[in-house]
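Biologist: I have just opened this one and could use a quick tour. Can we go through it piece by piece?

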Amino acid sequence: MDLGALFYDLFFDYTLRTVALGSAVLGIVSGALGAYAVLRKQSLLGDAMSHAALPGIAIAFLLTGSKASLVLILGAAIAGWIGTLFIMSIVRLTRIKFDSALGLVLSVFFGFGLVLLTIIQKMPNANQAGLDKFLFGQAAALLERDVITMSILGSIAIITMMVFWKEFKLLSFDPDFGATLGFPMRLLDILLTTLIVLAIVLGLQTVGVVLMSAMIVAPAAAARQWTDRLGTMVFLSSIFGALAGIVGALLSSSIQRLPTGPTIVLCISAIVIVSLFFAPRRGLVWNWIRVRRNRGRLHIEAILEDLYSLASAHDNPEHAHSIAVLRLMSSGKGGVDKSLKTLEEQGYVRSVNSDQWALTKAGVEQAQNLMKIREGNN
Amino acid sequence: MGFEQFEIQLIASVVAAACAIPGVFLVLRSMAMMSDAISHAILLGIVLAFFVIPDISSPLLIIGAALSGVLTVSLVELLNKTRLVKEDASIGLVFPVLFSIGVILIARYAWNVHLDVHAVLLGELAFAPFDRLIIFGNDIGPKSLYVMGTILIINLFFISLFYKEIKIATFDAGLAAALGFSPGLIHYGLMSLVSVTAVGAFDAVGSILVVALMIAPPAAAYLLTDNLTKMILISVVLGVISSISGFWLAIFLDANIAGAMATMAGVLFVLVFLFAPDRGIIAIARRRSHQRWEFAGKMLAIHLLNHEGTQDEERESQIQHLEENLRWKESFARRVVHYSANNGFLLVNDDRLVLTTRGREYAKESIVDN
Amino acid sequence: MHLDKVGSLNKGDLDMSENAIEVEDLTVAYQEKPVLWDIDLTVPEGVLMAIVGPNGAGKTTLIKAILNLVKTAAGQIKIYGKTSSDQKRLVGYVPQRGSVDWDFPTSVKDVVMMGRYGALGWIRRPGKEEQKMALSALDKVGMLQYAERQISQLSGGQQQRVFLARALVQDAQVYLMDEPFQGVDATTERAIVSLLQELRKSGKTVVVVHHDLQTVPEYFDWTALLNVRLIASGPVQEVFTEENLRLTYGGRVSFLKHNGENGVSNIGQRTG
């Protein structure tokens, strides 16, 4: 694919521009509000909400005969909300646990949605085609007016989130404390949940009900690795979401038989994997390096102490000992030679001959220090 | 009823029964969403295995694909271990990736063969009777009936063989470990059963509706009984009722069968949720309203007892005072007084309430036995 | 919502009543199972009070009821003569340390500033003023150098100090604290105690859910013994007696020796 041509099309080709804009909006909104869903441990609630939206879409169409985004989004949002309400009531009123309630509502609502979809497909009405795009999404089918609807609703969601920034932070971190301050936490909870539902249903047309939950969870999970501040996390999460949305949607629009939802999900998952491994401080690679470094340091200190304890058996603390004894003392963990080299560079040991090593004066002091620290800790 | 229709219902019933058995343990162990993850993720396994063995009901394909379910479980656990994301988020991160790869592979490379994206979600129960198992030239019935029947038997076998171990591991993981049953082994054993069942059922009902059959009947059964064996039996029965009634609903509406089965499983759950004799919300509401009076009576008795012999006894024992200090509405307070007087707990003496000996005993008992 | 009321209240503005907290005939039940039965409790202004009692005695529930966080089945609660929803700004709260997710992406200073959110009211963001208050509160609890730390990097004792600092910036008259000594090291415990005593000296009322019976006479001047019912409440010297403790804990406490004129020490009591 010619990148230059793609960029040209991005700005001047109607379809591509619409697709890119729509996916950007989707990514920003779901990324930002997904951060709250993830922090409040509602990642899987997003999954249930998006699946539960399907019958809402079908019913909205059956009632109005319209495929306008606003109508379908509204239907989806109402159904998503009802699903959430069901989950909460089941958990509150019975002994059934949260995850069972999620699985139940998710699959039953979705099944009912499929029933309605198959009924719609058999209706003698030329207008019904395209509803099944909501299963896996189809960015190429986005129209300019869909994008306008999405942008307006998305802006409302983002602005509301920013207006109640402080309150939502309180809600996510310590709702009881918030209640003692006099904030109506229940109301705020309902508001935030509504915004999350909105974020989900906005993306359904592009990503589809089956995979939309990934757009709620993944950008936030990736963003969390890079920062320890809520503001930065929400911002990064939107950027990641938008990036994955645009790249995924463009790929799927320009390559045959590449469904949009799965492509976008693969893009955001790639970002997650990179974040999990390479994010500074939290990332696995850094963690791994830190552990290794620590282990190396501990090993070196152990050798130093071994030499010291060997030496203290003699009158002369700088008495030399064979490397074989040291190997034995470090219980065959290996790396003795390397550690001795490092210690030599630091000036703590010197080699008497190729096989015999002894502590220097500085080495004796260092070993004594280490042992003192050790005792202090115990 | 045509013979085909009978066969479809038979297959659907076997699928429902096979799903319900491991489902009971998913519900009890709070791992329901793991079945969602597994049923999505096995799509990738099915597609990959399908490229090697292009026969969806081949046992080799089923086992190969089931491995991807187990892989999902271990990936989720691996991600949990990094502590970089919360447990629920790791489930939500893992299965969409695997599922997406599966869908893309189907869309790009397998779109014109047996698998298509719709079958992934909907299953093809209506076509199941056409794929016959033929042995020595004899047609002995639909293949998927044998596949699911075998899986059902495996599930039954595994559960009855390790019934005690699974039961202990489910209700008291600590005790199980102390007794020497590896909770990890039982966990992975169950997850393998879930995976195999999901792969087998996938052909019939699609990936998401497997979840409905695994979770909805056991969740409903959980509201009907406290006994594990009964819970399994009830789940199976509810699952079978869902599938048969779902089939007829689908015929009636001319709609997708699997979706209708899930819908009926949901309807059954709602019925149980409302009307279950002990844990249904109507029973709960009734019990609550009864308890409310009893509780209010106790509260009043204890209140009077607490203030007996104190200097503010005179004030605290007046009916008017109940409104003021207990924050009871006047009508409610009068009804509680009436209830307590009827039970012989107190006497009304010019608007003043005096505990009887019985009332005093009642109050003391109430304090002790909570 | 009463968030937009006056910025900071002085004692002079308060009700004539001497009592900081008055609980009358309070009953709380979860699903018709009583957790607190008909509690009458008066907390005079300016005391440092321990609520003690066995597990499941309803100590946390009592605090939450005073804060209006749980539904009451009967009774009323007054703070300086008014209901607690009218007096939100007078009450500071230190919840149990384990009640929040310490991996939440936020800094120590940010958490402390949350104590000012009530005074800020809707929508307004914390500014310079709030930062200053947060930093000075952190200084008081000896955590100033951790102000910009991510909260997950704190030890248990440090987390507890952060929660205390958050309550301090609330600038309240009455403080309710749920197990502030839970899982903290000895240094932190001493620091918290001296802070609480300082609060009391400046005329604040402090109510603490406490587990360690031995330290009650040393740390507190007032106590309430609770086991679903209120067994006794009043000055430690008067009510912290062997008899009352036996009533509170049933047979679960074994008393080894009498400790001077006012206290008992015990072992074998189940805490947690």
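Biologist: Let's start with C:Asn244. Is that residue buried or exposed?

Modeller: This is a predicted model, to begin with. In it, C:Asn244 has a relative accessible area of 14%, so it counts as buried.

Biologist: Where is C:Asn244 found?

Modeller: In helix α9 of chain C, which covers residues 242-249.

Biologist: And which residues does C:Asn244 touch, leaving out those up to four places away in sequence?

Modeller: C:Leu225, C:Ile231, C:Ala232 and C:Val239.

Biologist: New topic. How many residues do chain B and chain C each bring to their contact?

Modeller: Chain B brings 22 residues and chain C brings 18 residues. Between them the two chains bury about 1,700 Å². Carbon and sulfur atoms account for 51% of that area.

Biologist: How many salt bridges are there between chain B and chain C?

Modeller: The count is 2. One of them joins the side chains of B:Lys86 and C:Asp101, at 3.1 Å from N to O.

Biologist: Which elements of chain B give two or more residues to the side that touches chain C?

Modeller: α13 (281-307), α14 (313-316), α15 (319-325) and α17 (357-368). Of these, α13(B) gives the most, with 10 residues.

Biologist: What does the domain assignment say for chain B?

Modeller: It gives domain 1 as 3-276 and domain 2 as 282-369. The C-alpha centres of these two domains of chain B lie 54 Å apart.

Biologist: Now helix α12 of chain B. How far apart are its end C-alpha atoms?

Modeller: They are 27 Å apart. The helix has 19 residues (257-275), and at 1.5 Å a residue it should span 27 Å, so the two agree.

Biologist: How many residues of α12(B) are buried?

Modeller: 14 of the 19, so the rest of the structure largely encloses this helix. At its start, a side-chain oxygen of B:Asn256 reaches to within 3.2 Å of the backbone nitrogen of B:Ala258.

Biologist: Last one. Where is B:Asn343 found?

Modeller: In the loop between α16 (330-342) and β3 (346-349) of chain B. Its relative accessibility is 27%, so B:Asn343 counts as partly exposed. B:Gly359 is 16 residues from B:Asn343 in sequence, and their C-alpha atoms are 8.7 Å apart in space.

Conventions
Residues numbered from 1 in each chain as written. Chains lettered and ligands numbered in written order. Predicted model: local features only at pLDDT ≥ 70, side-chain atom pairs only at ≥ 80, totals over all residues. Heavy atoms only, no water. Helix = DSSP H or I, 4+ residues; strand = E, 2+ residues; numbered from the N terminus. Expected span 1.5 Å × (residues − 1). Buried < 20%, exposed > 50% of the residue type's maximum accessible area, 1.4 Å probe, protein only. Polar contact = N/O pair within 3.5 Å; in protein donor to acceptor, adjacent residues only side chain to side chain. Domains from an automatic or database assignment. Contact = heavy atoms within 4.5 Å. Buried area = accessible area lost by both parts, 1.4 Å probe. Salt bridge = Lys/Arg side-chain N within 4 Å of Asp/Glu carboxyl O.
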